[in-house]
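Let's take a walk through a protein together, piece by piece. Have the structure open beside you as you read.

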Amino acid sequence: MDGIPPKDQRYDRGDEVLEACTALWDSWDDDPFVLDREKGVFIDPAKVRYTDFAGRFVRSRGPLSIPRTPQGRPVFLQAGASERGREFAARWAEMIFCTPHSKADTIAFHDDIKSRLARHGRPPEACKVLPSFAVVVGETEAIAQEKYAYLQSLIDPEAQRMLNPA
């Protein structure tokens with residue numbers, strides 16, 4: 001690639017990568033091992049399947065060259081809050097990290113994700129929402145407010161606009 005693709009295309013690529021990876025991880029059953037030295041049989045070939053994935057961005061051939069791990073695959077964590085990022089998270093993530101600005105934002109984000117999970121046929125408990133929060137402490141509330149104001153003054157507005165374009 002000559003550069004970073006547009007955000008929506010990155011999620012399209014991410015969908016394909018995870019589709020290919022899960023196909024490879026799922027090419028092995030959980031219990032493929034026979035381990036019969038006398039017969040020279042290591043695995044039951046009926047418990048390992050070929051899986052070829054061909055998408056717009058990703059291609060893979062399987063089965064995976066190694067058995068799946070006991071947990072099957074890694075935990076998927078998502079940190080995007082855009083419309084497409086939320087949809088990606090609802091399809092794949094077990095945990096979503098978010099940076100809400102208030103308790104109301106946190107509740108709205110949580111409820112939105114849970115409704116999206118349902119649309120993807122996933123139960124609400126399939127994904128946890130992990131909101132970040134910052135605590136500023138001081139000997140008095142006035143001191144804490146002063147520290148907070150100072151920390152806010154360190155934020156570069158231009159950098160913020162780059163992270164959160166309007």
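Two strands pair if DSSP finds at least two bridges between them. Helices (H or I, at least four residues) and strands (E, at least two) are DSSP runs, and they are numbered from the N terminus. What you're looking at is a predicted model, where local features need pLDDT of at least 70 and side-chain atom pairs count only at pLDDT 80 or more, while totals for chains, interfaces and linings use all residues. Residues are numbered from 1 along each chain as its sequence is written, and side-chain values use heavy atoms, with hydrogens and water left out.

Let's begin with a sheet. β5, β6 and β7 make an open sheet of three strands, in the order β5-β6-β7, with parallel pairing. The edge strands, each pairing on one side only, are β5 (77-78) and β7 (128-131). How many bridges join β5 to β6? Two bridges link β5 with β6 (residues 95-98), and the two strands run parallel. To find this spot on your screen, look for L77, whose bridge partner in β6 is M95.

Now hop over to another pair of strands. β1 (residues 33-36) and β2 (residues 41-43) pair in the antiparallel sense, over two bridges. Here F33 stands opposite I43 in β2. The hairpin of β1 and β2 has four residues between the strands, and G40 takes a positive phi near 70 degrees there. L35 also deserves a look: it has a positive phi of about 55 degrees although it is not a glycine. L35 sits in strand β1.

Is L35 buried or exposed? Buried means under 20% relative accessible area, exposed means over 50%, and partly exposed is in between (with a 1.4 Å probe, protein chains only). L35 has 57% relative accessibility, so it counts as exposed. V41, in strand β2, has 29%, so it counts as partly exposed. Contact means heavy atoms within 4.5 Å. Setting aside neighbours within four places in sequence, V41 is in contact with V34, L35 and D36.

On to strand β4 (residues 59-61), where you'll find S60. S60 counts as buried because its relative accessibility is 16%. Which residues does S60 contact, leaving aside its neighbours within four places in sequence? They are A20, L24, T51, D52 and F53. P63 has its place in the loop between β4 and β5.

Time for the helices. For these, axes are lines fitted to C-alpha atoms, for helices over the stretch in contact, and angles run from 0 to 180 degrees between N-to-C directions. The axes of α1 (residues 7-25) and α2 (residues 83-92) come within 10 Å and cross at roughly 10 degrees. That makes α1 roughly parallel to α2. As for the cut-offs, angles under 35 degrees count as roughly parallel, over 145 as roughly antiparallel, 65 to 115 as roughly perpendicular and the rest as oblique. On the α1 side the contact involves D8, Y11, D12, G14, D15, L18, E19 and T22, and on the α2 side R84, G85, F88, R91 and W92. These contact residues divide into four nonpolar, three polar and six charged. In this sorting, Ala, Val, Leu, Ile, Met, Phe, Trp, Tyr, Cys and Pro count as nonpolar, Asp, Glu, Lys and Arg as charged, and the others, Gly among them, as polar.

Zoom in on D15, which belongs to helix α1. D15 has a relative accessible area of 10%, so it is buried. Leaving aside neighbours within four places in sequence, D15 is in contact with R84, F88, R91 and W92.

α2 has another packing partner: with α3 (residues 103-119) it packs at an angle of about 55 degrees, their axes 8 Å apart. The two helices are therefore oblique to each other. E83, R86, E87 and A90 in α2 meet F109, D112, I113, R116, L117 and R119 in α3. This contact divides into four nonpolar, no polar and six charged residues.

Last stop: V136, in the loop between β7 and α4 (141-153). V136 counts as partly exposed because its relative accessibility is 28%. Not counting residues up to four places away in sequence, V136 touches A144, K147, Y148 and L151. V136 and L151 are 15 residues apart along the chain, and their C-alpha atoms are separated by 9.2 Å.
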